[in-house]
Amino acid sequence: MTTEHIQQPQEQTGHTRRRFLAGAGGAAVALGTVGAGRAGADPSGTRVAVLGGGVSGLSAAHELAERGYAVTVYEYYDALGGKARSMPAPGTAAGGRADLPAEHGFRFFPGFYRNLPDTLRRIPFPGNAHGVHDNLRSGTEALFARAGGRPDLHFPLRRGTTPPAPGDLTPSWIRDQILSVLDLGTRLPAHEAAYFADRLLVHLTSCDARREDQWEKVAWWDFIRAEEMSEEYRTLLGIGQTRNLVATRAEVASTRTVGRVIIEALLLWGLLGRGMDGDADIDRVLNAPTSEAWIDPWERHLRSLGVEFVLGTHVREIRYDSGRVTGVHVSARDGGGDRTVTADHYVCALPVEHARVTWGPALRAADPQLARCDALQTDWMTGVMFYLSTPTPVVHGHINCLDSPWSVTGVGQAQFWDGRDFPRDYGDGRVRDCLSAIISEWDKPGILYGKTAKECTKEEVVAELWAQLKDGLNDSGKTTLRDEDRLGWFMDPAVTGLGGPAPRNREQLLIHPTGTLYNRPTARTAVPNLFLAGDYIRTDVDLASMEGANESARLAVNALLDADNSDAERCRVWELYRPPEMEPLKRVDEVRYRLGLPNTFDLG
């Protein structure tokens, strides 16, 4: 490992054409038709091709395999897990240790996730009574770091000690709780804090129709009147709740999505412990690199269920004729090996930016919702790992650098890896911690070079990111990050061409500007043997996330079972928590909405 940086090839391309053909069943010709699974490998013999081996694809494969389907997963990379996977930083191992662990960006398992945790419990892990789920660890606090020597905001993330009893949750009680939180170290003017609390009450008591028809069309920035408020208000309650968390600018982010998922499910109900995954806390991470703690055991379990994997596969086109999908044109990722795979059913579990280019004119004509996916937007939200010689936990949870122009978030990972010893297990024995940081804003100038992240070279991005982290974490009273402790870094290899005319990121994230809901497709399509899974599918969680990916897979499998007239048990699908105390107020609002009246709490 060098003392300057750790580099990886731009993409993992070790999967040769020969390996691709052999992995696909030993095809000896460049063009052919190969079955997508082993006919007769299960009682039904029904074959399903799952396109994509990320969280949605693996979730679909899991549910289908448990119900007796013969499943084959086709994945672009040489490893499974998609954006959730971890990856080795090549050439960093020494003395029998593994390469330093790296990733697309840190994993975050909020307590309101319920579909994905159910899957985690069903993935066996040695020594764990509840499978991979037992590898989750709670972050007990959040740090909102401020720049310019301002005191940071520390928030405990344990549940409130005196939550209201069932039935006692009232708008006035909620308003008081919001105001008490906003009073913890912020410089918000009192009238602005009061106004924000009232705006949250408007959203909390809005009926579904108002949320979908009105608030989906209103940007969060406008809903909270950020433009008319102080810089503190805009930074803390506008940018800090949107760009830093879901890569969507507050100026365009859907109020429905921000209010419903981030404010209500993640923060409010999370702190009250309602609608959570058992006794989970708000913030959870894994106790080891993601692939070690989750993806690799998942792959082993799926293989034990009969699932087959064809890696290094580029899905080119989903072919359609006479009312059905007839096959999928694929090739080896590194070129050649063109062929057609066939199955009885197809689950397209590719990210939307990759899925929609596989839908030809005939398929799009068969289901107009596919064409509407062209309007869905993605953006960059990816990270850099800093390898440090000194344990640097910073805070027992996630960091949000509120004042950073690149909307930087991060987490010190070693503190949660109770089953790992960094110098013993990874690298050359010198690294003792990994600070995993994510850049959510790639189009604003930084503080070091005055350039956007996309305009910088990789080395400049790393230097700028480090400077912004220090600006937020090294206040006048404490130095948290020291240059001499930084031994190396790793950047997601999906990001290429930085500093050049055409920077590219193959692993982008769906964002949520106003109107996104109307363009999100359902898991069931008008084509009877094609189903969609991915975090862009219309789900109840309504957020680009691992939970949304898992929920969409459950919906896709249920639709497939319906199309197959299967008597197999349908996948359970959990929806976001709806406090019963708010339902009467929502019913009143439904009447007001139909009459063209504003919400009761909406005073303008």
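How far is the sulfur of cysteine 571 from the closest cysteine sulfur, and in which residue does that closest sulfur lie? The sulfur of cysteine 571 is 18 Å from that of cysteine 348, which is too far for a bond. This is a predicted model, in which local features need pLDDT of at least 70 and side-chain atom pairs count only at pLDDT 80 or more, while totals for chains, interfaces and linings use all residues. Residues are numbered from 1 along each chain as its sequence is written, and side-chain values use heavy atoms, with hydrogens and water left out.

**Confidence**
- The chain averages a pLDDT (the predictor's confidence in each residue, from 0 to 100) of 89, and 91% of the residues score at least 70.
- Over residues 1-43, pLDDT stays under 50.
- Where pLDDT is low, the predicted coordinates should not be read in detail.

**Cysteines**
- Searching the whole structure gives 0 disulfides (pairs of cysteine sulfur atoms within 2.5 Å).
- Cysteine 401 is in no disulfide, and its nearest cysteine sulfur, in cysteine 434, is 15 Å away.
- Cysteine 401 is buried (under 20% relative accessible area, with a 1.4 Å probe and protein chains only), having a relative accessible area of 2%.
- Cysteine 571 also counts as buried, at 6% relative accessibility.

**Helix packing**
- Helix H5 (residues 190-204) packs with helix H9 (residues 255-272) at an angle of about 105°, and their axes, lines fitted to C-alpha atoms over the stretch in contact, are 10 Å apart.
- H5 is therefore roughly perpendicular to H9, a term for angles of 65 to 115 degrees.

Technical notes:
Buried < 20%, exposed > 50% of the residue type's maximum accessible area, 1.4 Å probe, protein only. Axes fitted to C-alpha atoms, helices over the stretch in contact; angles between N-to-C directions. Helix = DSSP H or I, 4+ residues; strand = E, 2+ residues; numbered from the N terminus. Parallel < 35°, antiparallel > 145°, perpendicular 65-115°, else oblique. Contact = heavy atoms within 4.5 Å.
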